[in-house]
Amino acid sequence: MNDQPSVRHLPVLSAEVMSALDPQPGGVLLDATVGLGGHAQVWLERTTPGGRVLGFDRDRSALEAAGERLRSYGERFRPIHADYRELDSQLDSLGVALVDAALFDLGLGSHQLDQPERGFSFRFDGPLDMRFDRSRPATTAAELLAQSSEQELARIFFEFGEERQSRKIARAICEARRRTPITTAAQLADLIRRAVPASRHERIDPATRTFQALRIAVNHELDQLDEAIEAAVRRLLPGGRIAIISFHSLEDRIAKSTLRRLAEPCRCRRGDPCSCNAVMLLRLEQRRSTPCSDQEAASNPRARSARLRWGIRQ
Ligand SMILES: C[S@@+](CC[C@H](N)C(=O)[O-])C[C@H]1O[C@@H](n2cnc3c(N)ncnc32)[C@H](O)[C@@H]1O
């Protein structure tokens, strides 16, 4: 099995991310989702000499590819095979107290989507795996489909895919799995397309939302994302920057509410002594997210739904 994604990933919203993170010579970036190292490479270039990247990823093959891409930067790139929810313990064990910037480029990368054997895409056939981290035992998408009740599947598709036809799809899956186990991406995609034919009003494949939902459920992607963002903010030096790129409304909702919560000033009545204990950790310079430009969307269709939010540590 070829586990080595090719090094051709285009970092999304690169100019906007760098303008938000404001790299300076010697600066240290905590890249919570380093993937193939696209943003990391731009950071390393902009922080010459001496700038560093601590690059987290749950996917060992992505980290290996990032290591290859960033080999010429030597010790300036430190790959960390870990979940960003373990950020505090990992940084403590490295003896890193504070950093200049943090980046979360959420979800999955094209390096994962393009590997049929990972099962992330309904465009290819391959085993329905969908785990970001295949080095640890965890439930695969095929196992989730085999083991979950119809109600549970419908909930997953509705909650994590915002799929309006969630019940219909869950029913079709449960009927089909009585005849034969659903183990491949093509099997699942065909089944969904038969259960909910493409609508004339939508340009996306009918399987899109179900595949997204399964991937989020398999990897528990939204669990404690708010806590991980807060942990990263607390690791920033005063004036340090955090940027979050999200690709769908569920991620963006968490990014938005967490950044806003961390930017809340004291809510007590003016003149009263503070009793709410709010600590304003961040300053937000814009209320709205930055979307991907038309130009970038035209050259990289996968960037179309990307949105950036960022803030500055107080
Ligand atoms: C959109 S890609 C990042 C692309 C990267 N910024 C680049 O320029 O190449 C998202 C990456 O986050 C990783 N990932 C997803 N959830 C994670 C988590 N909880 N902890 C660490 N990495 C995670 C995925 O494995 C994937 O490689």
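**Getting to know a buried arginine and its surroundings**

Student: Arg-76 is buried yet has no salt bridge, so which side chain of opposite charge is nearest?

Tutor: Let's take the terms first: buried means under 20% relative accessible area, exposed over 50% and partly exposed in between (1.4 Å probe, protein chains only). A salt bridge needs a side-chain nitrogen of Lys or Arg within 4 Å of a carboxyl oxygen of Asp or Glu, and with Lys and Arg positive, Asp and Glu negative, His and the chain ends aren't counted. Arg-76 is buried without such a bridge, and at 6.5 Å the nearest side chain of opposite charge is Glu-45.

Student: What kind of model is this?

Tutor: Residues are numbered from 1 along each chain as its sequence is written, and side-chain values use heavy atoms, leaving out hydrogens and water. Local features need pLDDT of at least 70, side-chain atom pairs count only at pLDDT 80 or more, and totals for chains, interfaces and linings use all residues, since this is a predicted model.

Student: Which backbone oxygen does the side chain of Arg-76 reach?

Tutor: Arg-76 sits in the loop between α3 (60-69) and β3 (77-81); helices (H or I, at least four residues) and strands (E, at least two) are DSSP runs numbered from the N terminus. Contact means heavy atoms within 4.5 Å, and leaving aside residues up to four places away in sequence, Arg-76 touches several residues, including Leu-44, Thr-48 and Val-53. At 2.7 Å, its side chain reaches the backbone oxygen of Gly-51.

Student: Is Asp-22 buried or partly exposed?

Tutor: Asp-22 lies in the loop between α1 (14-21) and β1 (28-31). Although not a glycine, Asp-22 has a positive phi of about 50°. Its relative accessibility is 36%, so Asp-22 counts as partly exposed.

Student: What is the phi of Glu-162?

Tutor: Look in the loop between α7 (150-161) and α8 (166-179) for Glu-162. Glu-162 is partly exposed, with a relative accessible area of 35%. It isn't a glycine, yet its phi is positive, at about 50°.

Student: Which strand runs antiparallel to β5?

Tutor: Strand β5 (residues 236-246) is largely enclosed by the rest of the structure, because 8 of its 11 residues are buried. Strands pair if DSSP finds at least two bridges between them, and β4 (residues 99-105) pairs with β5 in the parallel sense over 6 bridges. Another 6 bridges join β5 to its antiparallel partner, β8.

Methods: A polar contact is a pair of N or O atoms within 3.5 Å; within protein, one must be able to donate a hydrogen and the other to accept it, and residues adjacent in sequence count only if both atoms are side-chain atoms.
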